Amino acid sequence: MIELKTVEDLENYQRAVSRRSKSIVAAAGLGLILTFLVTLMIGNYSLSITDILSILSGMSGDSVGSYIIIDVRVPRLLCCIAVGAALSASGLVMQSLFKNPMASPSVLGISSGAAFGAALALAFGIGGFMGRYMVPGMAFIFCFLTMGAVYMLARTKYGVVSTTLLLAGVAIGAFFSGMLSLLQYVVNENVLSGIVYWTMGSFNNCGWQSFQLAIIPISAGLLIMLFSIKELNLIAAGEEQAANIGVNIKKLRILMILATSLAVGGSVAISGVIGFVGLIVPHIFRMLVGPNHALLIPLCVFGGGIFMIAMDTIAKSAFAMALPVGVLTSLIGAPFFIYVMRTRKNEIWD
Amino acid sequence: MVNNKLMAIAAAVILAAAAVGVYAFLNSGETEKKALYKLGAVVSEVDMGKCSATPAVIVTIEDMYRDYYGDLVSSSLTLADAKADTEFWNEYCSWEPMLKANPDGTYDVKITTGTKGTDTKKIPVSDTALAMGTMYSETLYYLICTEYGEEMYSDESYANQNILDYMNGTIAGGMQYSYYEDNDVDYMLKTVSKDSYYDLGVNSVQSLDSEKLTSALRQANEKTDGNVIYFASGTRILTSEHYNNNTGPCDATESYYAFFSPSEIKEVFPSIQCIGLLMGFSEETVDKLIEDIQLRLYRVYHSVQEKTDGGETVKAYWEGSSGKAINSAMGKVILNFLGFDTSLLDGAEHDLESLLTDKPVYLVWYTNDGRNLDERMRINN
Amino acid sequence: MSLEIKELCFSYDRRDVLCKIDLTAERGEIVGIIGQNGCGKTTLLKCVNSSLVPGMGSVTVDGCQVSEMSRREIAKKIAFVTQTTNVTFPFSVYDTVTMGRYSRMDDEGRKEGDDVRAVFQAMKDTGILKFADRPINELSGGERRRVMIARALAQEPEILLLDEPTLHLDINHQFDLLEMIHRLSKEKNILVLIVTHDIVLASRYCDRIVIMQNKKIHKIGDTIKVMIPENMKDVFYIETEVSEDSRFGLNVLLIGKDKDSPED
């Protein structure tokens, strides 16, 4: 209980809360920078800290080391941050929008659709008009197509009900998964290994090109989400209540679907299908800081980046044989999720 | 009363049926006449690594010929005879070079880039190679055997110190050493030591870690004053970023790279020439190996023509480890070369009944197929 | 006329729920809407703020048709406190009340601090200032409802719609709540429409009563004229005695089930 007698008291309280939020976000941002710098030193090509520092300051004559740091590690880490942020924020938005703790990009079928699009490009060269952007381009296009199909399926004349939307997503996702399996069954071994590798999710081939490709849609999606923080908070009280308070639910739904399609499409296009990130990260932060999206979205962006960097670094160097990062997140995701289910107390999902 | 009688009859019937079942089961030891064994077909097991458009394809063709047809009709044919048989020569042997020599000793080489494109690169002669793909190391082995007059895969070749020194000193690393161990790739296991081999940890250009390649190339460059080159297969389907992952380390370490993807028998010859010349072999050696293989090919071809002259074309069935018929272009080429109808090679599953209807007379499986012969012959279906 | 409802009809698929409802009301009034279950009370409330779109008829607020207003414009005029107070996420009470300011974000002439002032006033009026930093799911049902009302008040509405506000509350809190509503309605000149089952509280605190039966308005008028034993018998099948009490006004004594009422 706090003593609030006057408007000034309330203003001070609000300012204190706001300051606390800002410092948490700043701490997360700092954490991200630190993680970035630490993981910059880890990789299969051995470089000492002094080597790295001299390369970063531009004073090194070691061209091979520069190649490794500037053309291999830095863009790979930046891609990890972008994808981690995109998947985490999208998972958060989906969980709030559908009031379902299981909601995540893979649940809505987006990842399966995108994977199928990429497989079409790999197997039959569909989308060749995009040249070297064939595979990411097809992943992206199918991301939107899937989202559109899900939305169309769930539309009734009374509008879209969130549970129906989720079910439609599961159905469409299952459909594309099935199609993907069929495709894998009929192609020859060379192409098959390419498809399987792609669907396992990896940052192995993420360089500057990938980063440039993904950063625009991911940023666009994240910006839309950032501008909808108030609406997302309101929707957390329930769609009916939010509408009563003045939120245009239809417009919000479309905007959020657009935003998550952009963010997830951009991610899947460069790194393949990486599961569980959109599920785990939002839950961690919701447990730590509560349900306010003004805090949660920036934290998911920074925290998602930290999480993805950590996962990728572990996947590529902790084991004798490099693991695709998607496999690692799945292995960690399941037991973590069970843990979350058993310990969360503050939430009563609908 | 009636009920008891009925029960007694039912019990007797069940016991009789059980007895028949047990008898049948105990007598099912005569599996030889069952399932696919009924076809009485000739069976071959081939090494998967020798079934693509690489020099080793001649070994597969000769072995398959021997399994099915037996001895060669004539072993005194010459290269001139081969050239005179224009149908054969145009189909399987006439080839265009993929490189052009420059006056400064470098070569302009046409290589396969990502997304099904090609590029021309200026490459000098190298003395050290990293190979992602068995084609390259096998071609080098063939070339060095040709140079020292040893027979491929022979014990003598594995005892010849020149050959051992060459292989160990030239092939600095590449795909996983365990691949050679798992697949009995003797020409690597017996000539290149594991300790000096830089293992890149993966077997495909897609999963390559560019940092490992950079390390490997740098180490290789430190050990030699000559040039280092990185060979790889399978770049054709790579996206541009995957491709850069393979070439970036080369550019950064001032090494070279060349990627080939031969898909027909006659493309084997220009790739032998490229690999040979780029690694400093003489034109003589290169030409000799090429002509050896061409002659061996012709001998089989000629025999096949004699043995199948006027007869009906019979069917062959070649199944991969997944239980589905193979669908590769090269597999069909090989079987057509040997005079078979390849309509069954459609990439689909063929069950026992459909195979007994189609009646292939020649069955082919891979040596690394984990199933035993009974399983492949559909005994347990 | 602040609120005018004309010939309102609403149906779910083919099932009629409201038939030709006519109602007008002014700011500063408290209108109680009572009736048996299924007579369409809540549906009527939802049509007022356009949560449900009527098939026929119109709802007009200050001369503007509600069907032509955006959700935000509606929220500036009308606030709705629903029956359910369950919350999924543990927002703080302060954050919850502040949510009510959403529709005012694009107000003309908005000054810094307007929001905090409005929230402060709403929280003060509902007596929840001391809960400001508490997560809302730690509060009791009655406290939560006060928070929801504070949130509605933060919208600075002209019309306040309350759906069963006293449900599940302790009896003393029921009185507290309605005292507060009554006071706020008069102080701030807000039209309050209350849907309720509680005949006693309705008779005590409402200026006018609407009795709904069978999808229509059965009776409408000043409380003292509508809350008569005859109507109670017709609509609710109960026997009552109505008298004036000097301490609190209209006293509706509930005697029991009407002996002549038809068997269900």
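These legends describe close-up views of a predicted model. Local features need pLDDT of at least 70 and side-chain atom pairs pLDDT 80 or more, while totals for chains, interfaces and linings use all residues. Residues are numbered from 1 along each chain as its sequence is written, and chains are lettered from A in the order in which they are written.

**View 1. Packing of helices H4 and H5 in chain A.** Helix H4 (residues 110–124) and helix H5 (residues 134–154) of chain A, both being DSSP runs of H or I with at least four residues, pack at an angle of about 140° with their axes 7 Å apart. Contact, meaning heavy atoms within 4.5 Å, involves residues including Gly113(A) and Phe116(A) of H4(A) and Met138(A) and Phe142(A) of H5(A).

**View 2. The open sheet of chain B.** Strand E7 (198–199) and strand E9 (256–259) of chain B are the edge strands, each pairing on one side only.

**View 3. Strands E5 and E8 of chain B.** Five bridges join E5 (residues 128–132) to E8 (residues 228–232), and the two strands run parallel; Leu130(B) has Tyr230(B) in E8(B) as its bridge partner.

**View 4. Contacts between chains.** Chains A and C share the most contacts of the two pairs of chains in contact, whereas chain B and chain C do not touch, their nearest C-alpha atoms being 43 Å apart.

Conventions. Heavy atoms only, no water. Axes fitted to C-alpha atoms, helices over the stretch in contact; angles between N-to-C directions. Pairing = 2+ DSSP bridges.
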